[in-house]
Amino acid sequence: MIDLLILLLLVAGIVLVTARWKISPFLALMGAAIIGAFAFRLPADEIVTTVTTSFGNTLGNIGLVILFGTMIGVILERSGAAIAMAEALIRVIGTRFPNLTMTIIGYIVSIPVFCDSGYVILNSLRKAITVRTGVSALATSVALMTGLYATHTMVPPTPGPLAAAENLGITDNLGLIIAVGLPVSAVAALAGLVYATFLSKKEFTPLPAESEKDITTQSYEELRESYGKLPNAFLAFFPILLPLALICAGSIAKLPSHPMGEGTVFDVVAFLGTPVIALIVGLFSAILLLRGNGKMARFNEQIHESIRVSAPILLITGAGAAFGGVLAASSITDFLSENLTGLGLGLAVPFLIAAALKSAQGSSTVAIVSTSAMLSPILGSLGLDSPEGMVLSVLAIGAGAMVVSHANDSYFWVVSQLSRIPVATAYRTLTVATAIEGLAAFGAIMVASVFLL
């Protein structure tokens, strides 16, 4: 019981220092790892080794995947490819169903691009569609927000799901995570779309344009012109679809039945389907998006930006793994295993822990990393130590990390302020939307578990 109290105090400490005092999540997680090692009475000569080994192993296994995925996302963002994808979808879907259009655009764009950045990029397009169709701006804001959020928390190569996969030991089967995560996140996005449709008749009094909180007044036409000539739609989608296809093909090739044989074809597909290699191939295909003079200079500039963006994510991921390594080496794992086995909670445990951490400290990534680090040692006691169980656990953590977005979440402020939604209205709509989306995703995961577990 004392070990459980220590764990609860450590988690509360992480939440307190990150949410209230704005301490870096990296320092909070690393501090929790070291303090926890002493509190759980690990041998003093093993503490540093446990922390550094867990930190290094995780970054060694997944660091390059996060880095190359971020590079692709930055190039898509800076080259205008995200706008090109949006316009291609509008040509197919039209503007008759603006909420559906925004949901699908967000769902696709957020696979490689962070949801915060995705909303900033696509907000001008959302405003243009809102004006053109006369639908409620509140509805299109919710549709875009939830579409972006769905894949951000559940579909690799977004860093959160990647970190969870590494902590739970399922990075060799990312293809299965993608294959299950895409339909599960689609259910979440659909739930957000239904709620956005419910809001279609509701209006709100927007924040005044001169408000300091009104981050940008750039029109869609101005945004589009700032990119010059947009990339070809096929080239815009290609850096996203190619790595996903390669990773999935690699997972299929490695099935016990060996559907692609065991010769040269298997070797080639398995190699290209390795996440690092697949993302490197995707990165090279993204170079095709760069045009005009100074192409390599812009490429180098965007690579440098990618490194800057990914550095804190890598550090948080490694620190979370260090915290998990300390927990795995402590007696808390035995206590939790003995007491959780008979409760039959299963997938509800990762969902509820992630939801509690998300609601308390605001960051979906921190919630995903911390939850997966805590759960890794006890997956067996929850009956989730099979490949399928690990995959569903990653998704359950991602679903929990949506619940709920409110004032301590940067995404809440990006959406509410760019859309000029008053805070009171945002709480009644945006926060509710993320709760609905997370619960819908968990429901889809439970249905999937009937067939997979």
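Author: T434 has 0% relative accessibility, so T434 counts as buried. Keep in mind that this is a predicted model.

Reader: Where does T434 lie?

Author: In helix α20.

Reader: And what does T434 touch, not counting residues up to four places away in sequence?

Author: M145, Y149, M402, V403, V404 and S405.

Reader: Y149 is an aromatic. How many aromatic pairs does a search of the whole structure find?

Author: Six. In one of them, the rings of Y149 and Y411 have centres 5.2 Å apart. Their planes are at 50°, so the pair is tilted.

Reader: Which helices do Y149 and Y411 lie in?

Author: Y149 is in helix α7 and Y411 in helix α19, so the pair ties together parts that are 262 residues apart in sequence.

Reader: Are Y149 and Y411 buried or exposed?

Author: Both Y149 and Y411 are buried.

Reader: What about F412 and Y427?

Author: F412 and Y427 form an aromatic pair too, and that pair is tilted. Centre to centre, the rings are 5.3 Å apart, with 40° between the planes. F412 sits in helix α19 and Y427 in helix α20, which covers residues 423-452. The two are 15 residues apart.

Reader: Is F412 buried or exposed?

Author: F412 is buried, because its relative accessibility is 0%. Y427 is partly exposed, with a relative accessible area of 36%.

Reader: Which residues do ring pairs link into a cluster with F412?

Author: W413 and Y427.

Reader: How far apart are R420 and L138?

Author: In sequence, 282 residues. In space, 9.5 Å from C-alpha to C-alpha.

Reader: Last topic, helix α12. Which residues are buried there?

Author: Helix α12 runs over residues 264-272, and F266, V269 and A270 are buried in it.

Reader: Where do the buried residues of α12 fall, seen down the axis?

Author: They fall within an arc of 100°, so they line one face of α12. An α-helix has 3.6 residues a turn, so residues three or four places apart point the same way.

Reader: What do the buried residues of α12 pack against?

Author: Against α11 (233-253).

Reader: And which exposed residues does the face of α12 turned away from its buried side carry?

Author: T264 and F271.

Reader: Sum up the aromatics for my notebook, please.

Author: Two tilted pairs to write down: Y149 with Y411, and F412 with Y427. Y149 and Y411 are both buried. In the second pair F412 is buried, while Y427 is partly exposed.

Notes
Residues are numbered from 1 along each chain as its sequence is written. This is a predicted model: local features need pLDDT of at least 70, side-chain atom pairs count only at pLDDT 80 or more; totals for chains, interfaces and linings use all residues. Side-chain values use heavy atoms; hydrogens and water are left out. Rings of Phe, Tyr and Trp (its six-membered ring) pair if their centres lie within 6.5 Å; planes under 30 degrees apart count as stacked, over 60 as edge-to-face and the rest as tilted. Helices (H or I, at least four residues) and strands (E, at least two) are DSSP runs, numbered from the N terminus. Buried means under 20% relative accessible area, exposed over 50%, partly exposed in between (1.4 Å probe, protein chains only). The arc is that of the directions from the helix axis to the C-beta atoms. Contact means heavy atoms within 4.5 Å.
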